[in-house]
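Subject: Structure handover and notes

Dear colleague,

Please find the structure below, followed by my notes on what was found in it.

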Amino acid sequence: MPRRTSAASTRRPVWPWVVGGLVLVGTAAVGVFAWDAVQIKAATDALATHARAARQAIADSDVDALRAEVAEVEREADVFAAATDGPHWWVAARTPWVKDQVVPVVEAARAVEKMAIGALTPLAGMDDLAALAAPEVVDSRLDPYLFEPYREALAQASVALDEADARLSGVDLDNTIVVVADAYREVEQQVGAVHHLVQGAHVAAEVFPSMLGADGKRRYLVMVQNNAEPRTTGGIPGAVIELAVNDGRLSIGRYASASSMVVIEGVGGLTEDEARIFGDLMEVYPHDVNFTPEFPRSAEMMTRFWDAKFSEHVDGVLSIDPVALGWMLEGAAPVELGPFTVGSDNLAKVMLNETYFAFEEPTEQDAFFTRASSVFFGEVLAGDGSTLAGIERGIDAGRVMLWSADPDVQVLLGSTAIGGEFLSRTDAMGLFLNDGSESKIGWYIDTETTVVDHLCTDGSLGGQTVELKLTHTYEGAVAALPDYVSGGDVAVPAGEFHTNVLLYPAVGMGVTKFTRDGVEAGLSPESHDVRTLATARVALQPGQSTTLSFEITANSRDVEPPVLVETPGPKPNVYTRTADALVDGC
């Protein structure tokens, strides 16, 4: 009798078909992805080239070049987008590990598309790109509506770039392979650079009418920082000048030295952290309002001193220093002032050093600094020299900052470099000096900063080595120095330079080791708002040099190399930055 075969035994095995099908599908998917990869690579290279060229065209205010590059960016963005679309990409974006490679590519494509269509196209449609340059002062007037023809296009471009940045910042690269992560960061860099250029013009278009008094007179303070006595954002505010603005017409009012506005009982307004870290000096002495690296706080405190002395409301504060004033007056005719013939090449040296040798009495020295600040700022307002180039250079170097008492306007200013915000910048590391000599010996201090970024294999930051070299360059007899320069044995021994060094690591990083001249030393840890802070005290005699070295470690894998913000010195800062790979690869 034939043996009966069960139904189970007569069925064909399923798994070979399933596996075979998956192999066929997988092979097809690999082929599709391989073709996409070729397209993506070509489009990525072309996008990087044309995006850089578009950025340069914007910087050069060359609208014809921008239009040509925008057409190429749009074309390559379409190729990029098409090569990162389809059901196979949808599946890949939901598959473990694979999605860590796919999602960055897709998001980069969408961000570039957003930049091309939403930002570059409206900019290319403008008649010219003059709105992207800093405005010139013409006959002591800035046109409040200078940017009005461009306002809509700039607003549209800014929104699009905000969205592109948001897409890019929301991607986790922890498990992304190096080649994909590197390409992704290239896109981030290009989008960020264009965003930086556009945002400043967008903010100017929005705030110019109000800040320049289109609807009524505004009163501002110009705070001239004296870098020979260092403070975090430059130097003590040696002079404060009143600037009135009405329908764009600029005029200088009264001016006062910081020493004339001291309020022994204090003007109030300090935060708990400021009072703990810096003491009460910020509310007693106008010279000390910029112990903090947060310029909006320094500016707000300065308005309190002005109000205490003159009982006047102030609409904002502009900060500048003699180095930046010199840049702005390049090409202008020299000015005879007191015993000096002052031009752009020696302006900083006269104001920050030679003044103190020419006048014996501190009151005369303060008066000359204040008078010189007023005269040279007046030259800038008259449009003499290279005002436009000097302002741009000063903003980039952290030597020109602006704060508004109007909260809505300040939000916009805070989104640009001129706003001077630091503590809220998660992408920034700070290295600052606060003088403790109570003298102008800082003119003779040279600073040299070196940063080495220790990179993980995926390009993120594993750690940093930050070195600050301070050199006291004075070589003569200390007795030959005016007391105002040497300190006169009041706060510290004459001729010595004393300073507090403040290091704010980037958010997500912390100091793990500190050495001075190769010997391990201690730091004073602090917390300032949301930031960690480490401080060290340094004292140098003439001819001495010291090197402080900070080892900083990232606390997570998603930290990007931060921007360095440091105290602008009396001479241009020396700064070197390199990168190496961590041995363990993170």
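Helices (H or I, at least four residues) and strands (E, at least two) are taken here as DSSP runs, numbered from the N terminus. This is a predicted model, in which local features need pLDDT of at least 70 and side-chain atom pairs count only at pLDDT 80 or more, while totals for chains, interfaces and linings use all residues. Residues are numbered from 1 along each chain as its sequence is written, and side-chain values use heavy atoms, with hydrogens and water left out.

Overall picture

The secondary structure of the protein amounts to 16 helices and 18 strands, and the C-alpha trace spans about 130 × 60 × 40 Å along its principal axes. The accessible surface (Shrake-Rupley method with a 1.4 Å probe; for residues, only the protein chains shown count as cover) comes to about 25900 Å², and 55% of that belongs to carbon and sulfur atoms. Of the 586 residues, 50% count as buried, where buried means under 20% relative accessible area, exposed over 50%, and partly exposed in between (1.4 Å probe, protein chains only). With contact defined as heavy atoms within 4.5 Å, 75% of the contacts between residues at least 6 apart in sequence join residues at least 24 apart.

The surface patch

Trp 97 lies in the loop between α4 (87-92) and α5 (98-124), and it counts as exposed because its relative accessibility is 52%. Together with Ile 177 and Val 179, Trp 97 forms a nonpolar patch on the surface, with about 320 Å² of accessible area for the three together. Patches are made of residues with over 30% relative accessible area and no salt bridge, like charges being joined within 9 Å and nonpolar side chains (Val, Leu, Ile, Met, Phe, Trp, Tyr) within 5 Å; a salt bridge is a side-chain nitrogen of Lys or Arg within 4 Å of a carboxyl oxygen of Asp or Glu.

Two strands are said to pair if DSSP finds at least two bridges between them. On that basis five strands form an open sheet with mixed pairing, in the order β3-β2-β1-β4-β7. Strands β3 (249-257) and β7 (401-404) stand at the edges with a single partner strand each, so one side of each is left without a neighbour in the sheet. From one strand to the next, the twist averages 25°, where axes are lines fitted to C-alpha atoms (for helices over the stretch in contact) and angles run from 0 to 180 degrees between N-to-C directions.

Within the sheet, β1 (residues 218-231) and β2 (residues 234-246) pair in the antiparallel sense over eleven bridges, and a hairpin through two residues joins them. Met 223 has Val 240 in β2 as its bridge partner, and Val 224 stands opposite Ala 239 in β2. Strand β1 also runs parallel to β4, to which five bridges join it, with Leu 221 opposite Val 317 in β4. Since 13 of the 14 residues of β1 are buried, this strand is largely enclosed by the rest of the structure. Strands β4 and β7, in turn, run antiparallel and are joined by four bridges, with Ser 319 opposite Met 401 in β7. From β7, Met 401 and Trp 403 point one way and Leu 402 and Ser 404 the other, and all are buried.

Helices around the sheet

Helix α13 (residues 362-381) lies across β1, β2, β3 and β4 (316-320), and runs at about 170° to β3. The buried residues of helix α12 (residues 347-358), among them Leu 347, Val 350 and Met 351, pack against β1, α11 (322-328), β6 (340-342), α13 and α16 (483-486).

Val 323 lies in helix α11 and is buried, with a relative accessible area of 7%. Not counting residues up to four places away in sequence, Val 323 touches Ala 348, Arg 399, Gly 569 and Pro 570. Val 323 and Ala 397 are 74 residues apart in sequence, and 10 Å apart in space, C-alpha to C-alpha.

His 472 is found in strand β10 (residues 461-472) and is buried, at a relative accessible area of 1%. Leaving aside its neighbours within four places in sequence, His 472 is in contact with residues including Ile 441, Tyr 444, Phe 497 and Leu 540.

With best regards
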